[in-house]
Amino acid sequence: MKKFLGIDVGGGSVKGTVISKTGKIYFQSSIKTNPIWTNEEFLENIKNFIFEIKKNTTFEKIGIGTPGPIDLDSGVILKSANLPNLKNVNLISFLKEIFPIPIYFNNDSNVASLGEYFFGIDSKKKSLFVFTLGTGLGGGFIFNGKLYNGIKGNGMEVGHMSVIPNGAICGCGQKGCAESYFSTSGFLNRYFEATNIKLQNAKEFFDLVILNDKDAKEVLELGVETFSECIRAIIYILNPEKIVFLGGISKSYSLFGKSLEEKVRSKIFPVLSENLIFAVGEDFAGSLGSAALCFEGEDD
Ligand SMILES: [Zn+2]
């Protein structure tokens, strides 16, 4: 059976999995990401990581997912919020010179969506939309088994859809983006605005929600309201069969999911709601989705 290497570059770690199309895992490994890596250090570490995996097993293709924005055509990471020293990294041409096998590339949200399509429970739908709820708010759309990329791989950047004109400032420089209200950075920034207290992560925020902290609950409520507008717009444009939530924040789905689903369903045509399924995806590694980039053209 053919083996494929999937690599997922995240803010905290780089994960690698060698897998078959049927989901059999042959090898897994990871290294820590250093947030101050320069372009050269980043490339050197990725190269050495792949060599280390190669010592343990074989693979015929490589799929790699990285934070964006990216240029899919030229295989370049334009920049990354989690690795701020990276700029215009010629990742794919660099790797192709060292590893003379097919190499596929996409952004992290798209790769996570593809992973959900291939390996999620009952997610092989005609049209599947995936929201990645982490530091930022990302999205990916799979239609008839294919990822929708946009021109250069940056389609479905749903976190930057405007939900409140002239609203809170976003990391992208614009105001009122969905990500400013419903993401870890959004929750922490809105909470800081209300209380002057700097929380460290989403867990601290949701712990306060559980403790009935008034400000945390208000921030979450506004987040749910604005995110429901974002989801509503996606449903009207794409009419998906299934919407799946992935990422760290989805672990706290019990604290907001019911209210979010009800809000969305109350704002859309019944015909759109009747056949729509909401689900929380399993937390399998994005590296599986990266490996799934290699599946195109491969038989089952
Ligand atoms: Zn934005």
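E5 and E6 form a hairpin with four residues between them. In the turn, glycine 75 has a positive phi of about 70°. Helices (H or I, at least four residues) and strands (E, at least two) are DSSP runs, numbered from the N terminus. This is a predicted model, in which local features need pLDDT of at least 70, side-chain atom pairs count only at pLDDT 80 or more, and totals for chains, interfaces and linings use all residues. Residues are numbered from 1 along each chain as its sequence is written.

- Two strands pair if DSSP finds at least two bridges between them.
- Antiparallel E5 and E6 are joined by two bridges. Aspartate 71 has valine 76 of E6 as its bridge partner.
- Two bridges also join strand E6 (residues 76-79) to E7, again antiparallel.
- Isoleucine 77 is bridged to valine 89 in E7. Lysine 79 has lysine 87 of E7 as its bridge partner.
- Proline 69 sits in the loop between strand E4 (61-66) and E5. The peptide bond from glycine 68 to proline 69 is cis, with omega near 5°.

- The domain assignment gives domain 1 (4-112 + 285-292) and domain 2 (124-280). Such bounds come from an automatic or database domain assignment.
- The domain centres, taken over C-alpha atoms, are separated by 26 Å.
- In all, 14 residues of domain 1 are in contact with 15 residues of domain 2. Contact means that the C-beta atoms of two residues, placed from the backbone, lie within 7 Å.
- On the side of domain 1 that touches domain 2, at least two residues each come from strand E5 (70-71), strand E8 (103-107) and helix H3 (108-119). H3 supplies the largest share, three residues.
- By class, that side of domain 1 has five nonpolar, seven polar and two charged residues. Here Ala, Val, Leu, Ile, Met, Phe, Trp, Tyr, Cys and Pro count as nonpolar, Asp, Glu, Lys and Arg as charged, and the others, Gly among them, as polar.

**Core**

- The largest nonpolar core has 80 residues. A nonpolar core is a set of buried Ala, Val, Leu, Ile, Met, Phe, Trp, Tyr and Cys residues joined through C-beta atoms within 7 Å.
- Leu5, Leu114, Ala178, Phe205, Ala291 and Ala292 have the most contacts inside this core.
- H6 gives the most to the core, with 10 residues.
- Domain 1 and domain 2 both give residues to this core, so it lies between them.
- Alanine 291 touches Phe4, Leu5, Gly6, Thr17, Ile19 and Gly63, leaving aside residues up to four places away in sequence.

**Helix H5**

- Ala202, Phe205, Phe206 and Leu208 are the buried residues of helix H5 (residues 202-210). A residue is buried if 20 or more other C-beta atoms lie within 10 Å of its own, exposed if 12 or fewer, and partly exposed in between, with C-beta atoms placed from the backbone.
- Seen down the H5 axis, the buried residues fall within an arc of 150°, so they line one face of the helix. The arc is that of the directions from the helix axis to the C-beta atoms.
- These buried residues pack against helix H4 (184-195) and helix H6 (214-238).
- Just after H5, asparagine 212 takes a positive phi of about 65°.

**Loop residues**

- Asparagine 166 is in the loop between E11 and H4. Its phi is positive, about 60°, although asparagine 166 is not a glycine. Asparagine 166 is exposed, with 8 other C-beta atoms within 10 Å.
- Glutamate 157 lies in the loop between strand E11 (146-147) and H4. With 19 C-beta neighbours inside 10 Å, glutamate 157 counts as partly exposed.
- Glutamate 157 and glutamate 179 are 22 residues apart along the chain, with 10.0 Å between their C-alpha atoms.
- Asparagine 239 is in the loop between H6 and strand E12 (242-246). Phi of asparagine 239 is positive, near 50°. Asparagine 239 is partly exposed, with 15 other C-beta atoms within 10 Å.
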